[in-house]
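Please look over the structure shown here before reading the report that accompanies it. The report is written for someone meeting this protein for the first time.

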Amino acid sequence: MEPRLLLELLAFVLCTRPNKAKTNSLAIQFSAPGDFVIGGLFAIHSKVRYKKTRAEMPTCYRYLGMRFAVDEINNSTSLLPGVKLGYEIHNTCNNVVVATKPAVAFLSKYPSNGGLEAQCSYGDYKPRVTAVVGPDSSELSVVLSRLLNFLSIPEISHASTTDNLSNKQLHPSFFRTVPSDKSQAEAMIQLLQKFHWNWVAALATDDEYGRRALEIFVQLALSRDTCIAYEAILPSAPTKRERWEQLFKITSQLVVAGINTTVIFAQSINANELMTVVVERGITGKVWIASECWATSAIIRFIPNLASVGTIIGLSVKSGRMPGFSDYVQRILAGPEQDQTSSIIAGQNDQCPECGKLTLANLSAILYDTKFQATFNVYKAVYAIAHALHQLLQCNAISHKCNMGREVYPWQLLAEIGKVNFTVESQPVYFDTKGNPPTGYDLILWRWNATGGFEFVSIGGYDALKCELAVNESKIQWHTRDKKAPLSRCSQDCKSNQKRHIRGEHNCCYQCEDCPTGSFQDKSDPSQCTQCPKNQWFLEENGTCEERTIEYLEVTDQLPLIMLALTMLVLAQMGIISGIVAKYRSTPAMRYVGTFPTFLIVVSSACLCGSCFFFIIKPSTWVCMARQPVFFVSFTVVLATLLGKVVQSSGLNQALKSPLLRRHSLALCVFLNTAIQCLLCVFWYLWDPPSLEENTNVERTILLQCQDISFPGFGLLLAFNYCLALICCICSFLGSSSQQARNKATKAISFAVVLIIIIWTLFVPTYATSQGKYVSLFQVFAGLASVFAVFGSCYYQVCYIVLFAPQMNTDSRFCSLPRNPPSEDESNAAGIK
């Protein structure tokens, strides 16, 4: 019982609140009896005595639209035949306190009783109104919908747009014939994106409509890459001077921030003051986007020199024709009923006197300018109630009868209104689960001509069902110096395949940076570059990722053919030298070079040359696994043989205590170094074995190559051979000072090793800094050059003597290595001599 007692107390307080108005202020202003009475709440006036607010142009034509609809339905023989609709219209004066009084009265059963009867159950309770049309304000609808919902009385607003009313848990009995602010914000964002305006200001009035519309718009703008450079609430101070001072600050901020596009959610009176200040400040060439509240305002258009402010584009709720309405209004105002109406207004509610001055002359201008946009929404609301009653009363258009014996309660009508689906003047009328209609917007341009004439021009529209905005740019007349759409951006658009680097707090202020090679700028995230798939490459001329071409080193390529020719040349020279050594092995010259070392060098060099073929054929897994071990182990045998010869020739092997080790020092040297290199190969295979790789670091191609140069595997093998060459070089110089007799045997090896060190020293940086399919040929070239250095230094001179200068092939010319190493006594004796 407590909620009911509170509600009765509220009604009592409101009805007995002291003021200067007459005690019968709740008397019916406009009413007509009927079987079902529809309540109407309209802002017929805009000011009351006890609250200092600014006067606004009267909106009396809206309630006339409700009367017109009711009379039209009553005269119809198909919609509600035999049923008479009545109406009870009250003035809200755009004031919550004033509007609450008739809303509470709607809850009572009889006009004479201004309160709600206390009952245990209200399921079969019938208030004196079946449904309510209005009010005009979102702020009033939020309050009154909760009050009317107490009895589940359907409320259909023709002007309340705040998105909060879409919450059916808080406002289950609320419907509307205008789109919500969410639809309006979406249409505005699409308009901004259409002309690439992303540096904008947003202004709103200090009420439920303005604050909520601004909140939705800002949230949506941030999610659509649009920056709100400045947002403010329009002043609502009681004095004009205070409001003007605040408006001057707001307009100054628009100029300082370099904003060329401003979105304004405001009532007509607030927008009128703002645009007046804009004209006085001399702000020109801007774009002003008007919300539906003032998009077709009849008072703002009369501001002197308004065309100088720039281009005004507004969103107006889609409307339709109301045939016969103009004649209906003229007949009311021209007839004797006009005097009676004025008397009722002036005498019974003299707090709000504006409509008392209503005449045919001043109202006809309003009707023409607004094209019935607000009135048509009232018209649709009344017809929605009538169609719901048509279903509840089981009316038959053929028999022209309705079931008048059936009781109709508000909660039944509420459920039926949510199901209505009909068409009025080609406009569909139905409600979604949130009570919102399918109505969209017309995009309106304020256009002035050279003679000072003015007109509203439709340049497009917003389809609420498809969420799409259509703009006819050819109809737009830009009021700028160059007659083009002004720019309103913090930063210009980036070029193709550039990403944004955000500067500061606004994501619209950025610097453009090129995307890395092989990546593209994904439109879904302008601040990021997306790498093309591994098997694709970004082509800037096409703007897409295209398939890469697969490349690998082939024998038929020019450079591999050259390397192949060099390899064959090396093998040929080794074959020739091997034949010469075999034929003349008993001569002093051949004993000088040694048959066994020559055999090791030739065989290992042949294996090294053979591994070069693995570098110039199509890579595969087994090729990658085999080529580096064969190459480096073969090269190790060559270097170890040279080191063994240096150790023997220089006499460094005498440091070994065992005669057996001294005698076979060369074989021991080759075996130990080859074993170490083989162990390093095993370690490499266990740590990170070579593999076939698809290299995508090369532009436009997938390079098939062996991944066999990673550390520590490849690095250790290369470092071991490099150290082996250094040790060989050092030993040759150490031995030459103590073994003068064998100095000739080490000079050739020293020269070969120095060349090898130079070759591989140059190889490392060149190989590390190169890319492409020909990189592996550097290793082939280094290996072949090393073989040439060994044979050129150690064998070319000897072979020349054997073949072309036999007179020099004598023991006196060559200091041959002894068959057996000298004993320690012989060595001492030689040292004494």
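The sections below go from the whole chain to its strands, its salt bridges and a patch on its surface.

## Overall picture

This is a predicted model, and the values in this report are computed from it. The protein has 833 residues, of which 52% count as buried, and its secondary structure comes to 24 helices and 25 strands.

The protein exposes about 38,100 Å², and carbon and sulfur atoms supply 57% of that area. When contacts between residues at least 6 apart in sequence are considered, 71% of them join residues that are at least 24 apart.

## An open sheet of three strands

Three strands form an open sheet in the order S23-S25-S24, with mixed pairing. Its edges are strand S23 (549-551) and strand S24 (691-695), each of which pairs on one side only, and the twist averages 25° from one strand to the next.

Strand S25, covering residues 701-707, pairs with S23 in the parallel sense over three bridges. Within this part of the sheet, threonine 549 stands opposite threonine 701 in S25.

Strand S14 (residues 441-448) runs antiparallel to strand S15 (residues 454-463), and eight bridges join the two; aspartate 442, for example, has glycine 461 in S15 as its bridge partner.

S15 is also joined to strand S16 (residues 468-471), again in an antiparallel arrangement, by four bridges, and here glycine 460 has valine 471 in S16 as its bridge partner. The hairpin of S15 and S16 has four residues between the strands, and in this hairpin cysteine 467 takes a positive phi near 55°.

## Salt bridges

A search of the whole structure finds 14 salt bridges. In one of them the side chains of arginine 128 and glutamate 88 meet at 2.7 Å, N to O, and this pair links distant parts of the chain, since arginine 128 lies in the loop between helix H3 (96-106) and strand S4 (131-133) while glutamate 88 lies in strand S3 (residues 85-91), 40 residues apart. Arginine 128 counts as buried because its relative accessible area of 11% is under 20%, and glutamate 88, at 5% relative accessibility, is buried as well.

Another salt bridge brings together the side chains of aspartate 163 and arginine 212 at 3.5 Å, N to O. This pair, too, links distant parts of the chain: aspartate 163 is in the loop between strand S5 (155-157) and strand S6 (174-176), and arginine 212 is in helix H6 (residues 208-223), 49 residues apart. Aspartate 163 is buried, with a relative accessible area of 18%, and arginine 212 counts as buried at 19%; together with Glu215, Asp163 and Arg212 are linked in a network of salt bridges.

Arginine 241 forms a salt bridge with glutamate 245, the closest N and O atoms being 3.6 Å apart. Both residues lie in helix H7 (residues 240-256), four residues apart, which is about one turn of the helix. Arginine 241 counts as exposed at 66% relative accessibility, whereas glutamate 245 is partly exposed, with a relative accessible area of 43%.

## A nonpolar patch on the surface

Leu559, Ile562 and Tyr774 form a nonpolar patch on the surface, and together they have about 250 Å² of accessible area. Tyrosine 774 lies in the loop between helix H21 (743-768) and helix H22 (776-794), where this residue is partly exposed, with a relative accessible area of 33%.

Notes: Residues numbered from 1 in each chain as written. Predicted model: local features only at pLDDT ≥ 70, side-chain atom pairs only at ≥ 80, totals over all residues. Heavy atoms only, no water. Patch = residues over 30% accessible without salt bridge, like charges linked within 9 Å, V, L, I, M, F, W, Y side chains within 5 Å. Areas by Shrake-Rupley, 256 points an atom, 1.4 Å probe, with all protein chains shown as cover. Salt bridge = Lys/Arg side-chain N within 4 Å of Asp/Glu carboxyl O. Buried < 20%, exposed > 50% of the residue type's maximum accessible area, 1.4 Å probe, protein only. Contact = heavy atoms within 4.5 Å. Pairing = 2+ DSSP bridges. Axes fitted to C-alpha atoms, helices over the stretch in contact; angles between N-to-C directions.
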